[in-house]
Amino acid sequence: MTDSLTYIKRIGADTSSLFEELAALRIEVFRDYPYLYEGSLEYEKEYLRTYSRSADSMIFSVYDGGKMVGATTCIPLIDESKEVIEPFINSGYKLDEVFYFGESILLKPYRGLGLGHRFFDEREKHALSFGNYKFTCFCAVQRPDDHPKKPDGYRPNDKFWLHRGYAPEKGLVSEFEWLDMGKEKPTKKPMMYWMRATLDNL
C-alpha cells in the first residue's frame with residue numbers, strides 16, 4: 001500500500017495550504033478513543049493558524065491519490081499557546097531549547113505500515129536542522145483506566161513512544177478543554193508530556 005502514497009511537507013507560512021484538509025482529518029481521527037473529540041472545521045482552522053504564524057513550524061502530510069490520509073506537525077515550543085508553554089516555564093525549561101510535536105494522525109487503513117516512525121523521523125530531522133534544540137516533546141491525553149468509552153483490547157502507544165526514546169514527564173501536564181462526543185458541555189482533560197532529552201544521537 002505504501003507504494004501508492006505521496007508526501008507533502010510545508011514550512012512556516014506555507015503550512016496554511018494544508019489547513020482545510022488537516023482540519024477535516026483531525027476531526028475524523030480524534031473522534032476515536034482516547035480523544036472522543038467533537039470538533040468543528042471553524043475551530044480547527046483557527047487552531048492551526050498557530051503553525052502559519054511560526055517561521056519554523058512544519059506539517060508533513062501523506063496522500064493516497066488526492067486524499068490526505070495522515071499528517072504530523074511540529075513547532076518551536078516558544079511559538080505555541082500559553083496552555084502548552086506554561087508547565088515548561090513552571091518547571092524551569094528554557095523555551096527556546098524545546099521543539100514541540102503536535103498531532104500524528106492516520107486513518108485506520110494506513111496504520112501499521114511504518115508511517116508512525118516516518119512521522120517521528122521527519123519531525124526529529126526538522127528540529128535537529130536548527131542546531132539549537134536540546135529537547136523534543138509531545139503530549140497525550142490521560143483518560144482513567146475505567147473510562148466507559150474505552151474499547152475492549154485498547155492498547156495505548158506507550159511502548160512505541162518508549163521505543164522512540166521518549167519518556168513521560170509526570171511533572172509536565174497541561175489542561176485542554178474540548179467537547180467529548182455525545183456530551184453537552186466541554187470539559188478539561190489532563191495532557192501529559194513525553195520528552196526526549198537529547199537529539200545528539202539522531
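1. Starting with S91: not counting residues up to four places away in sequence, this serine touches G171 and L172, where contact means heavy atoms within 4.5 Å. S91 is found in the loop between α3 (82-90) and β4; helices (H or I, at least four residues) and strands (E, at least two) are DSSP runs, numbered from the N terminus. With a relative accessible area of 39%, S91 is partly exposed; the scale here is buried under 20% relative accessible area, exposed over 50%, and partly exposed in between, using a 1.4 Å probe and protein chains only. S91 and H163 are 72 residues apart along the chain, and their C-alpha atoms are separated by 25 Å.

2. A word on where this comes from. The model is predicted, so local features need pLDDT of at least 70 and side-chain atom pairs count only at pLDDT 80 or more, while totals for chains, interfaces and linings use all residues. Residues are numbered from 1 along each chain as its sequence is written, and side-chain values use heavy atoms, with hydrogens and water left out.

3. Next, helix α1. The buried residues in α1 are F19, L22, A23, L25, R26, I27, V29 and F30. They pack against α2, β2 (58-64), β3 (67-76) and β4 (98-106).

4. L22 is worth a click in the viewer. It lies in helix α1 and is buried, with a relative accessible area of 0%. Setting aside residues up to four places away in sequence, L22 touches L48, I59, M68, A71, T73 and I105.

5. How do α1 and α2 cross? The axes of α1 (residues 19-30) and α2 (residues 41-52) come within 9 Å and cross at roughly 120 degrees; axes are lines fitted to C-alpha atoms, for helices over the stretch in contact, and angles run from 0 to 180 degrees between N-to-C directions. That makes α1 oblique to α2, since angles under 35 degrees count as roughly parallel, over 145 as roughly antiparallel, 65 to 115 as roughly perpendicular and the rest as oblique.

6. Still on that pair: F19, E20, L22, A23, A24, R26 and I27 in α1 meet L41, E44, K45, Y47, L48, R49, Y51 and S52 in α2. By class, the contact has nine nonpolar, one polar and five charged residues. The classes are Ala, Val, Leu, Ile, Met, Phe, Trp, Tyr, Cys and Pro as nonpolar, Asp, Glu, Lys and Arg as charged, and the others, Gly among them, as polar.

7. For context, most residues other than glycine have a negative phi, and most peptide bonds are trans. L36 is also buried, with a relative accessible area of 10%.

8. On to helix α4 (residues 115-128). At 1.5 Å a residue its 14 residues should span 20 Å, and the end C-alpha atoms are 20 Å apart, which agrees. Its buried residues are L115, F119, F120, E122, R123, E124, H126 and A127.

9. Leaving out residues up to four places away in sequence, R123 touches M58, T72, T73, C74, F101, G102, E103 and S104. R123 and F101 are 22 residues apart in sequence and 7.3 Å apart in space, C-alpha to C-alpha.

10. Last one: A140, in strand β5 (residues 135-141). A140 counts as buried at 7% relative accessibility. Apart from its neighbours within four places in sequence, A140 is in contact with Y35, W161, P190, M191, M192 and W194. A140 and L41 are 99 residues apart in sequence and 22 Å apart in space, C-alpha to C-alpha.

Definitions and conventions: The expected span of a helix is 1.5 Å times one less than its number of residues.
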